[in-house]
Amino acid sequence: MNFSFEVLQNDPTGSRRGLLKTPHGAIETPVFMPVGTAATVKALTQEALETLGAKIILANTYHLYLRPGHALIRKLGGLHKFMSWNGAILTDSGGYQVFSLAELRKITDEGVRFRSHLDGSEHLLTPEKAAEIQLALGSDIAMVLDECIETPAPRSIAEAALKRTTDWARRARRYFLQQAQQNGEPAQWQFGIVQGATFPDLRRESARQLLELDFPGYAVGGLAVGEPHETTCEMTTEVTALLPKERPRYLMGVGRPEQIADYVARGIDMMDCVLPTRAARHACLYTSEGRVLIKNARYIEDQRPIDPRCTCAVCRRYTRAYLRHLFAAGEITAAILATHHNIHFYLDIMRQIREAISFGQLANFASELRARYVAGPA
RNA sequence: GGACGGGUGGGUGAGUGGCUAAAACCAGCAGACUGUAAAUCUGCCGCUCCUUGCGGGCUACGAAGGUUCGAAUCCUUCCCCGUCCA
(Lines give C-alpha, C1' and ligand atoms only; values in the text may rest on other atoms or scores of the structure.)
Protein backbone atom coordinates (compact mmCIF):
# COMPACT_ATOMS: atom_id res chain seq x y z
CA MET A 1 0.00 0.00 0.00
CA ASN A 2 1.53 3.26 -1.15
CA PHE A 3 -0.72 5.44 0.91
CA SER A 4 -0.07 7.16 4.17
CA PHE A 5 -0.99 10.25 6.08
CA GLU A 6 1.29 11.74 8.62
CA VAL A 7 0.59 14.72 10.82
CA LEU A 8 3.80 16.71 10.86
CA GLN A 9 2.75 19.45 13.16
CA ASN A 10 -0.17 19.98 15.48
CA ASP A 11 -1.23 23.40 16.54
CA PRO A 12 -2.94 23.68 19.92
CA THR A 13 -5.75 25.58 18.20
CA GLY A 14 -6.64 22.52 16.15
CA SER A 15 -4.98 23.19 12.82
CA ARG A 16 -2.26 20.90 11.60
CA ARG A 17 0.23 20.37 8.84
CA GLY A 18 0.56 16.97 7.32
CA LEU A 19 1.88 14.88 4.49
CA LEU A 20 -0.47 12.77 2.43
CA LYS A 21 1.37 10.17 0.36
CA THR A 22 -0.26 8.61 -2.68
CA PRO A 23 1.06 6.51 -5.55
CA HIS A 24 0.95 9.74 -7.50
CA GLY A 25 3.00 11.87 -5.25
CA ALA A 26 3.18 13.28 -1.77
CA ILE A 27 0.93 16.17 -0.87
CA GLU A 28 1.55 18.73 1.79
CA THR A 29 -1.57 19.52 3.76
CA PRO A 30 -3.62 21.58 4.24
CA VAL A 31 -4.12 21.38 0.53
CA PHE A 32 -6.42 22.97 -1.98
CA MET A 33 -7.58 20.69 -4.78
CA PRO A 34 -8.64 22.34 -8.05
CA VAL A 35 -11.81 20.86 -9.49
CA GLY A 36 -11.59 19.08 -12.83
CA THR A 37 -15.01 17.50 -13.09
CA ALA A 38 -14.78 16.22 -16.65
CA ALA A 39 -11.14 15.16 -16.44
CA THR A 40 -9.96 18.69 -17.01
CA VAL A 41 -9.61 21.71 -14.80
CA LYS A 42 -11.52 23.98 -17.12
CA ALA A 43 -9.27 26.32 -19.11
CA LEU A 44 -6.05 24.80 -17.77
CA THR A 45 -3.77 22.25 -19.33
CA GLN A 46 -2.14 19.61 -17.17
CA GLU A 47 1.12 21.31 -18.00
CA ALA A 48 -0.20 24.52 -16.50
CA LEU A 49 -1.37 22.66 -13.41
CA GLU A 50 2.14 21.30 -12.94
CA THR A 51 3.62 24.75 -13.36
CA LEU A 52 1.18 26.06 -10.78
CA GLY A 53 2.27 23.37 -8.37
CA ALA A 54 -1.06 21.57 -8.05
CA LYS A 55 -0.48 18.17 -6.48
CA ILE A 56 -3.98 16.78 -6.45
CA ILE A 57 -7.10 17.54 -8.42
CA LEU A 58 -10.69 16.41 -8.39
CA ALA A 59 -12.63 14.57 -11.04
CA ASN A 60 -16.23 13.46 -11.01
CA THR A 61 -17.56 9.92 -11.04
CA TYR A 62 -21.00 10.76 -12.38
CA HIS A 63 -19.81 12.98 -15.19
CA LEU A 64 -17.05 10.64 -16.34
CA TYR A 65 -19.40 7.68 -16.13
CA LEU A 66 -21.77 9.45 -18.52
CA ARG A 67 -19.01 10.66 -20.76
CA PRO A 68 -16.71 9.19 -21.92
CA GLY A 69 -17.59 6.19 -19.71
CA HIS A 70 -15.46 4.49 -17.07
CA ALA A 71 -15.06 1.34 -19.18
CA LEU A 72 -13.36 3.37 -21.87
CA ILE A 73 -11.10 5.10 -19.39
CA ARG A 74 -10.12 1.79 -17.82
CA LYS A 75 -9.43 0.39 -21.28
CA LEU A 76 -7.21 3.35 -22.06
CA GLY A 77 -5.14 2.79 -18.97
CA GLY A 78 -7.02 4.64 -16.26
CA LEU A 79 -7.80 8.27 -15.60
CA HIS A 80 -4.22 9.39 -14.91
CA LYS A 81 -2.98 8.05 -18.20
CA PHE A 82 -6.10 9.10 -20.08
CA MET A 83 -5.74 12.72 -19.09
CA SER A 84 -1.96 12.61 -18.79
CA TRP A 85 -1.89 13.75 -15.20
CA ASN A 86 0.70 12.21 -12.94
CA GLY A 87 -0.37 14.01 -9.83
CA ALA A 88 -2.97 12.62 -7.49
CA ILE A 89 -6.67 12.48 -8.32
CA LEU A 90 -9.60 12.42 -5.96
CA THR A 91 -12.91 11.44 -7.50
CA ASP A 92 -16.14 12.71 -6.10
CA SER A 93 -18.83 10.06 -6.02
CA GLY A 94 -21.77 11.79 -7.66
CA GLY A 95 -23.24 12.59 -4.26
CA TYR A 96 -23.12 16.27 -5.05
CA GLN A 97 -25.08 15.65 -8.25
CA VAL A 98 -27.82 14.23 -6.04
CA PHE A 99 -28.07 17.78 -4.80
CA SER A 100 -27.26 19.86 -7.89
CA LEU A 101 -29.25 17.78 -10.38
CA ALA A 102 -32.24 17.54 -8.07
CA GLU A 103 -34.74 17.91 -10.92
CA LEU A 104 -33.19 15.06 -12.85
CA ARG A 105 -33.01 12.38 -10.21
CA LYS A 106 -34.98 10.21 -7.87
CA ILE A 107 -33.54 8.78 -4.69
CA THR A 108 -34.39 5.38 -3.29
CA ASP A 109 -32.68 3.28 -0.68
CA GLU A 110 -31.11 1.33 -3.50
CA GLY A 111 -29.41 4.36 -5.02
CA VAL A 112 -30.03 7.38 -7.20
CA ARG A 113 -31.80 7.16 -10.51
CA PHE A 114 -30.57 9.95 -12.77
CA ARG A 115 -31.91 11.11 -16.07
CA SER A 116 -28.82 12.10 -17.99
CA HIS A 117 -28.58 15.80 -18.67
CA LEU A 118 -26.80 14.87 -21.91
CA ASP A 119 -29.32 12.63 -23.65
CA GLY A 120 -32.12 11.98 -21.18
CA SER A 121 -31.19 8.33 -20.69
CA GLU A 122 -31.79 6.78 -17.28
CA HIS A 123 -29.00 5.57 -15.02
CA LEU A 124 -28.96 4.05 -11.60
CA LEU A 125 -26.06 5.07 -9.42
CA THR A 126 -25.75 2.85 -6.37
CA PRO A 127 -23.07 2.98 -3.69
CA GLU A 128 -21.54 -0.15 -5.20
CA LYS A 129 -21.70 1.26 -8.71
CA ALA A 130 -20.06 4.52 -7.67
CA ALA A 131 -17.27 2.54 -6.02
CA GLU A 132 -16.92 0.32 -9.05
CA ILE A 133 -16.68 3.28 -11.41
CA GLN A 134 -14.04 4.91 -9.28
CA LEU A 135 -11.99 1.72 -9.17
CA ALA A 136 -12.21 1.60 -12.95
CA LEU A 137 -11.11 5.21 -13.18
CA GLY A 138 -8.21 4.39 -10.91
CA SER A 139 -8.36 7.57 -8.87
CA ASP A 140 -6.14 7.78 -5.81
CA ILE A 141 -8.94 8.71 -3.48
CA ALA A 142 -12.52 7.61 -4.01
CA MET A 143 -15.48 9.08 -2.19
CA VAL A 144 -18.45 7.02 -1.12
CA LEU A 145 -21.81 7.89 -2.56
CA ASP A 146 -23.67 10.11 -0.13
CA GLU A 147 -26.88 12.06 -0.09
CA CYS A 148 -26.17 15.75 -0.11
CA ILE A 149 -29.25 17.77 0.76
CA GLU A 150 -30.05 21.43 0.58
CA THR A 151 -29.82 23.73 3.56
CA PRO A 152 -31.75 24.65 5.54
CA ALA A 153 -33.46 21.30 5.79
CA PRO A 154 -36.09 20.07 8.23
CA ARG A 155 -34.71 17.70 10.79
CA SER A 156 -36.68 14.75 9.46
CA ILE A 157 -35.18 15.17 6.00
CA ALA A 158 -31.71 15.53 7.45
CA GLU A 159 -32.18 12.39 9.54
CA ALA A 160 -33.33 10.38 6.55
CA ALA A 161 -30.42 11.58 4.41
CA LEU A 162 -28.02 10.81 7.23
CA LYS A 163 -29.35 7.30 7.65
CA ARG A 164 -29.17 6.69 3.93
CA THR A 165 -25.68 8.11 3.72
CA THR A 166 -24.51 5.73 6.44
CA ASP A 167 -26.22 2.76 4.80
CA TRP A 168 -24.67 3.66 1.50
CA ALA A 169 -21.27 4.14 3.09
CA ARG A 170 -21.53 0.69 4.64
CA ARG A 171 -22.39 -0.85 1.28
CA ALA A 172 -19.67 1.08 -0.52
CA ARG A 173 -17.13 0.02 2.08
CA ARG A 174 -18.19 -3.60 1.86
CA TYR A 175 -17.99 -3.54 -1.92
CA PHE A 176 -14.60 -1.88 -1.86
CA LEU A 177 -13.17 -4.41 0.59
CA GLN A 178 -14.65 -7.34 -1.30
CA GLN A 179 -13.02 -6.12 -4.47
CA ALA A 180 -9.76 -5.77 -2.61
CA GLN A 181 -10.07 -9.35 -1.42
CA GLN A 182 -10.84 -10.68 -4.89
CA ASN A 183 -8.53 -8.58 -7.02
CA GLY A 184 -5.80 -7.61 -4.65
CA GLU A 185 -5.38 -4.39 -2.76
CA PRO A 186 -6.41 -1.53 -5.09
CA ALA A 187 -4.17 1.49 -5.40
CA GLN A 188 -6.93 3.60 -3.96
CA TRP A 189 -8.13 5.03 -0.70
CA GLN A 190 -11.80 5.24 0.02
CA PHE A 191 -13.15 8.11 2.12
CA GLY A 192 -16.41 8.28 4.03
CA ILE A 193 -18.58 11.38 4.08
CA VAL A 194 -20.24 12.85 7.15
CA GLN A 195 -23.67 14.36 6.62
CA GLY A 196 -26.24 15.70 9.10
CA ALA A 197 -27.11 19.08 7.66
CA THR A 198 -26.94 21.85 10.26
CA PHE A 199 -27.82 19.75 13.30
CA PRO A 200 -24.82 19.31 15.59
CA ASP A 201 -26.08 16.07 17.10
CA LEU A 202 -26.79 14.60 13.67
CA ARG A 203 -23.33 15.56 12.53
CA ARG A 204 -21.85 13.78 15.55
CA GLU A 205 -24.05 10.77 15.01
CA SER A 206 -23.04 10.58 11.35
CA ALA A 207 -19.37 10.81 12.24
CA ARG A 208 -19.65 8.07 14.88
CA GLN A 209 -21.42 5.74 12.50
CA LEU A 210 -18.82 6.23 9.81
CA LEU A 211 -15.97 5.69 12.22
CA GLU A 212 -17.17 2.12 12.66
CA LEU A 213 -16.47 1.55 8.99
CA ASP A 214 -12.83 2.44 9.47
CA PHE A 215 -12.19 4.67 6.47
CA PRO A 216 -8.61 5.84 5.93
CA GLY A 217 -9.93 9.38 5.61
CA TYR A 218 -13.12 11.29 6.31
CA ALA A 219 -14.92 14.06 4.53
CA VAL A 220 -17.44 16.55 5.78
CA GLY A 221 -20.09 16.99 3.14
CA GLY A 222 -23.29 18.89 2.66
CA LEU A 223 -21.89 22.18 3.89
CA ALA A 224 -21.47 25.56 2.21
CA VAL A 225 -24.73 24.94 0.39
CA GLY A 226 -26.45 28.12 1.52
CA GLU A 227 -26.02 28.24 5.29
CA PRO A 228 -24.05 31.07 6.94
CA HIS A 229 -20.30 30.66 7.20
CA GLU A 230 -20.51 30.50 11.00
CA THR A 231 -22.77 27.49 10.71
CA THR A 232 -20.36 25.78 8.34
CA CYS A 233 -17.63 26.40 10.88
CA GLU A 234 -19.72 25.09 13.78
CA MET A 235 -20.60 21.90 11.97
CA THR A 236 -17.00 21.39 10.96
CA THR A 237 -15.89 21.81 14.54
CA GLU A 238 -18.43 19.27 15.74
CA VAL A 239 -17.21 16.71 13.26
CA THR A 240 -13.45 17.15 13.39
CA ALA A 241 -13.61 16.87 17.17
CA LEU A 242 -14.69 13.26 16.70
CA LEU A 243 -12.55 12.26 13.75
CA PRO A 244 -9.28 10.40 14.33
CA LYS A 245 -6.39 12.82 14.46
CA GLU A 246 -4.11 10.59 12.44
CA ARG A 247 -6.39 10.49 9.41
CA PRO A 248 -6.99 13.18 6.80
CA ARG A 249 -10.12 15.32 6.98
CA TYR A 250 -11.61 16.72 3.85
CA LEU A 251 -14.16 19.53 3.85
CA MET A 252 -15.98 19.21 0.56
CA GLY A 253 -16.71 22.09 -1.76
CA VAL A 254 -15.23 25.06 0.08
CA GLY A 255 -14.56 27.91 0.08
CA ARG A 256 -14.07 31.59 -0.42
CA PRO A 257 -10.53 32.87 0.02
CA GLU A 258 -11.35 34.54 3.31
CA GLN A 259 -13.01 31.40 4.68
CA ILE A 260 -10.38 28.81 3.96
CA ALA A 261 -8.19 29.54 6.95
CA ASP A 262 -11.21 29.21 9.24
CA TYR A 263 -11.68 25.63 8.10
CA VAL A 264 -8.02 24.82 8.50
CA ALA A 265 -8.24 26.21 12.01
CA ARG A 266 -10.89 23.59 12.69
CA GLY A 267 -8.65 20.74 11.70
CA ILE A 268 -9.40 20.42 8.00
CA ASP A 269 -6.62 19.08 5.78
CA MET A 270 -8.15 19.04 2.33
CA MET A 271 -10.56 21.25 0.41
CA ASP A 272 -11.82 21.67 -3.08
CA CYS A 273 -13.95 24.32 -4.68
CA VAL A 274 -15.10 25.33 -8.12
CA LEU A 275 -15.06 28.96 -7.09
CA PRO A 276 -11.58 29.93 -8.36
CA THR A 277 -12.13 28.29 -11.73
CA ARG A 278 -15.74 29.26 -12.26
CA ALA A 279 -15.35 32.80 -11.00
CA ALA A 280 -12.32 33.18 -13.26
CA ARG A 281 -14.39 32.28 -16.31
CA HIS A 282 -16.93 34.84 -15.10
CA ALA A 283 -14.32 37.58 -14.88
CA CYS A 284 -13.92 37.56 -11.12
CA LEU A 285 -10.28 37.59 -10.10
CA TYR A 286 -9.00 37.00 -6.59
CA THR A 287 -6.19 39.19 -5.40
CA SER A 288 -4.33 39.99 -2.24
CA GLU A 289 -6.46 43.13 -2.03
CA GLY A 290 -9.80 41.48 -2.60
CA ARG A 291 -11.86 40.64 -5.62
CA VAL A 292 -11.33 42.34 -8.96
CA LEU A 293 -14.30 42.21 -11.31
CA ILE A 294 -12.12 42.69 -14.31
CA LYS A 295 -14.93 43.51 -16.76
CA ASN A 296 -15.62 46.77 -14.92
CA ALA A 297 -15.06 49.91 -16.94
CA ARG A 298 -12.65 51.20 -14.28
CA TYR A 299 -9.97 48.82 -15.59
CA ILE A 300 -10.05 49.98 -19.21
CA GLU A 301 -6.74 51.81 -18.94
CA ASP A 302 -5.34 50.02 -15.91
CA GLN A 303 -1.82 48.97 -16.73
CA ARG A 304 -1.16 47.24 -13.43
CA PRO A 305 -1.09 43.47 -13.21
CA ILE A 306 -4.17 41.74 -11.78
CA ASP A 307 -2.45 41.61 -8.42
CA PRO A 308 0.73 43.62 -7.90
CA ARG A 309 1.79 41.21 -5.15
CA CYS A 310 1.20 38.09 -7.21
CA THR A 311 4.07 36.17 -8.79
CA CYS A 312 2.06 34.08 -11.22
CA ALA A 313 2.92 33.96 -14.90
CA VAL A 314 -0.15 36.01 -15.81
CA CYS A 315 0.60 38.80 -13.36
CA ARG A 316 4.22 38.92 -14.48
CA ARG A 317 3.22 39.51 -18.06
CA TYR A 318 -0.26 40.94 -18.63
CA THR A 319 -2.15 44.05 -17.58
CA ARG A 320 -5.65 44.46 -16.19
CA ALA A 321 -6.49 46.50 -19.30
CA TYR A 322 -5.57 43.54 -21.48
CA LEU A 323 -7.52 41.03 -19.38
CA ARG A 324 -10.53 43.32 -19.45
CA HIS A 325 -10.29 43.56 -23.20
CA LEU A 326 -10.11 39.78 -23.57
CA PHE A 327 -13.24 39.35 -21.46
CA ALA A 328 -15.10 42.12 -23.29
CA ALA A 329 -14.18 40.51 -26.59
CA GLY A 330 -15.26 37.09 -25.38
CA GLU A 331 -11.86 35.67 -26.15
CA ILE A 332 -11.10 32.18 -24.88
CA THR A 333 -7.73 33.37 -23.61
CA ALA A 334 -9.54 35.44 -21.01
CA ALA A 335 -10.70 32.26 -19.28
CA ILE A 336 -7.28 30.68 -19.55
CA LEU A 337 -5.37 33.58 -18.04
CA ALA A 338 -7.96 34.30 -15.36
CA THR A 339 -8.14 30.66 -14.29
CA HIS A 340 -4.38 30.41 -14.17
CA HIS A 341 -4.23 33.39 -11.88
CA ASN A 342 -7.06 32.30 -9.58
CA ILE A 343 -5.68 28.81 -9.12
CA HIS A 344 -2.30 30.28 -8.37
CA PHE A 345 -3.98 32.51 -5.83
CA TYR A 346 -5.74 29.62 -4.08
CA LEU A 347 -2.68 27.41 -4.05
CA ASP A 348 -0.66 30.30 -2.74
CA ILE A 349 -3.13 31.00 0.05
CA MET A 350 -2.79 27.38 1.12
CA ARG A 351 0.97 27.67 1.00
CA GLN A 352 0.77 30.73 3.22
CA ILE A 353 -1.59 28.91 5.54
CA ARG A 354 0.86 26.03 5.92
CA GLU A 355 3.57 28.54 6.60
CA ALA A 356 1.42 30.38 9.11
CA ILE A 357 0.76 27.13 10.96
CA SER A 358 4.50 26.50 11.21
CA PHE A 359 4.91 29.85 12.89
CA GLY A 360 1.78 29.55 14.99
CA GLN A 361 0.31 32.50 13.13
CA LEU A 362 -2.76 30.99 11.54
CA ALA A 363 -5.27 33.08 13.50
CA ASN A 364 -3.48 36.27 12.45
CA PHE A 365 -3.36 35.19 8.86
CA ALA A 366 -7.05 34.33 8.92
CA SER A 367 -8.06 37.75 10.18
CA GLU A 368 -5.73 39.39 7.71
CA LEU A 369 -7.49 37.59 4.87
CA ARG A 370 -10.88 38.61 6.21
CA ALA A 371 -9.80 42.22 6.49
CA ARG A 372 -8.60 42.32 2.90
CA TYR A 373 -11.85 40.95 1.62
CA VAL A 374 -13.98 43.31 3.62
CA ALA A 375 -11.95 46.27 2.41
CA GLY A 376 -12.29 45.29 -1.25
CA PRO A 377 -9.98 46.04 -4.14
CA ALA A 378 -8.03 49.26 -4.48
C1' G B 1 -37.50 60.66 -65.16
C1' G B 2 -40.57 56.14 -63.70
C1' A B 3 -41.99 51.48 -60.72
C1' C B 4 -41.63 49.02 -56.46
C1' G B 5 -39.46 48.29 -51.45
C1' G B 6 -37.73 50.75 -47.16
C1' G B 7 -36.33 54.78 -43.27
C1' U B 8 -38.06 52.49 -35.48
C1' G B 9 -34.08 53.69 -29.27
C1' G B 10 -25.93 52.91 -29.64
C1' G B 11 -26.54 48.41 -33.50
C1' U B 12 -29.61 44.42 -35.85
C1' G B 13 -34.73 44.34 -35.98
C1' A B 14 -40.29 43.28 -34.35
C1' G B 15 -44.50 46.22 -34.16
C1' U B 16 -48.96 48.48 -38.82
C1' G B 17 -54.88 53.08 -34.56
C1' G B 18 -55.33 52.65 -27.83
C1' C B 19 -52.77 47.00 -23.76
C1' U B 20 -46.00 51.12 -26.67
C1' A B 21 -40.85 54.58 -23.49
C1' A B 22 -41.87 50.76 -27.94
C1' A B 23 -40.68 42.83 -28.40
C1' A B 24 -36.28 40.08 -29.09
C1' C B 25 -31.20 39.85 -29.68
C1' C B 26 -26.43 42.42 -29.58
C1' A B 27 -23.49 46.19 -27.51
C1' G B 28 -23.02 49.06 -22.83
C1' C B 29 -23.25 49.28 -17.21
C1' A B 30 -23.52 46.62 -12.62
C1' G B 31 -23.97 42.15 -9.77
C1' A B 32 -24.00 36.80 -8.50
C1' C B 33 -21.12 32.36 -8.47
C1' U B 34 -18.62 27.43 -2.62
C1' G B 35 -17.76 18.29 -3.58
C1' U B 36 -19.22 22.40 -11.95
C1' A B 37 -25.83 20.65 -16.54
C1' A B 38 -22.13 27.39 -15.72
C1' A B 39 -16.96 30.83 -21.41
C1' U B 40 -23.26 30.72 -17.05
C1' C B 41 -27.06 33.40 -14.74
C1' U B 42 -29.48 38.03 -12.83
C1' G B 43 -30.61 43.27 -12.81
C1' C B 44 -30.33 48.12 -15.27
C1' C B 45 -30.24 50.16 -20.03
C1' G B 46 -34.37 57.99 -23.63
C1' C B 47 -33.91 62.49 -20.34
C1' U B 48 -35.47 64.42 -15.84
C1' C B 49 -38.03 65.48 -10.92
C1' C B 50 -39.29 64.00 -6.26
C1' U B 51 -42.98 62.62 -1.07
C1' U B 52 -38.68 56.34 -4.80
C1' G B 53 -43.97 54.79 -6.62
C1' C B 54 -46.83 48.99 -10.75
C1' G B 55 -45.11 57.86 -9.21
C1' G B 56 -44.89 62.85 -12.03
C1' G B 57 -43.04 65.73 -16.17
C1' C B 58 -40.59 66.05 -20.86
C1' U B 59 -38.74 64.09 -25.42
C1' A B 60 -38.99 59.93 -29.09
C1' C B 61 -40.26 55.57 -34.41
C1' G B 62 -36.64 60.37 -41.49
C1' A B 63 -39.08 65.91 -41.74
C1' A B 64 -43.31 69.01 -41.86
C1' G B 65 -48.39 69.26 -41.98
C1' G B 66 -53.21 66.71 -41.43
C1' U B 67 -57.24 62.96 -39.87
C1' U B 68 -58.70 61.06 -34.94
C1' C B 69 -60.96 61.33 -28.23
C1' G B 70 -56.12 58.79 -29.29
C1' A B 71 -50.85 57.99 -34.43
C1' A B 72 -44.48 54.53 -34.77
C1' U B 73 -49.06 52.70 -37.00
C1' C B 74 -53.97 56.25 -41.50
C1' C B 75 -53.61 60.68 -45.28
C1' U B 76 -50.60 64.71 -47.90
C1' U B 77 -46.07 66.87 -49.27
C1' C B 78 -40.98 66.77 -48.85
C1' C B 79 -36.02 64.49 -47.78
C1' C B 80 -33.04 60.25 -47.81
C1' C B 81 -31.66 54.79 -48.90
C1' G B 82 -32.07 50.11 -51.86
C1' U B 83 -33.56 47.31 -56.24
C1' C B 84 -35.30 47.39 -61.06
C1' C B 85 -36.96 50.04 -65.67
C1' A B 86 -35.84 54.17 -69.01
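**Entry 1: β11 and β12.** I looked up Ile-193 in this predicted model and found that Ile-193 stands opposite Ala-219 in β12. The two strands involved are β11 (residues 189–194) and β12 (residues 217–220), and I counted 4 bridges between them, in the parallel sense. I reminded myself that strands of a sheet pair through backbone hydrogen bonds, either parallel or antiparallel.

**Entry 2: the whole sheet.** I then traced the open sheet, which has 8 strands in the order β4-β14-β13-β12-β11-β10-β6-β5, with parallel pairing. I noted that β4 and β5 stand at the edges with a single partner strand each, so one side of each has no neighbour in the sheet. The twist from one strand to the next averages 25 degrees.

**Entry 3: β14 and its partners.** Which strands did I find joined to β14? Strand β4 (residues 31–34) is joined to β14 by 4 bridges and runs parallel to it; here Phe-32 stands opposite Met-271. Strand β13 (residues 249–251) is also parallel to β14, with 2 bridges, and Tyr-250 has Met-270 as its bridge partner. I followed the chain from β13 through helix α10 (residues 257–264) to β14 and recorded a right-handed β-α-β crossover.

**Entry 4: burial of β14.** In a regular strand the side chains alternate between the two faces of the sheet. In β14 (residues 270–273) I found both faces covered: Met-270 and Asp-272 are buried on one side, Met-271 and Cys-273 on the other.

**Entry 5: RNA strand B.** I listed 46 residues around RNA strand B, and the closest are His-117, Cys-148, Gly-253, Val-274 and Thr-277. Among the elements that each supply at least two residues of this surface are β14 and α11 (275–281).

Terms used: Residues numbered from 1 in each chain as written. Chains lettered and ligands numbered in written order. Predicted model: local features only at pLDDT ≥ 70, side-chain atom pairs only at ≥ 80, totals over all residues. Buried ≥ 20, exposed ≤ 12 C-beta atoms within 10 Å, placed from the backbone. Pairing = 2+ DSSP bridges. Right-handed = clockwise from strand over helix to strand, strands pointing away. Near = placed C-beta within 6 Å. Axes fitted to C-alpha atoms, helices over the stretch in contact; angles between N-to-C directions.
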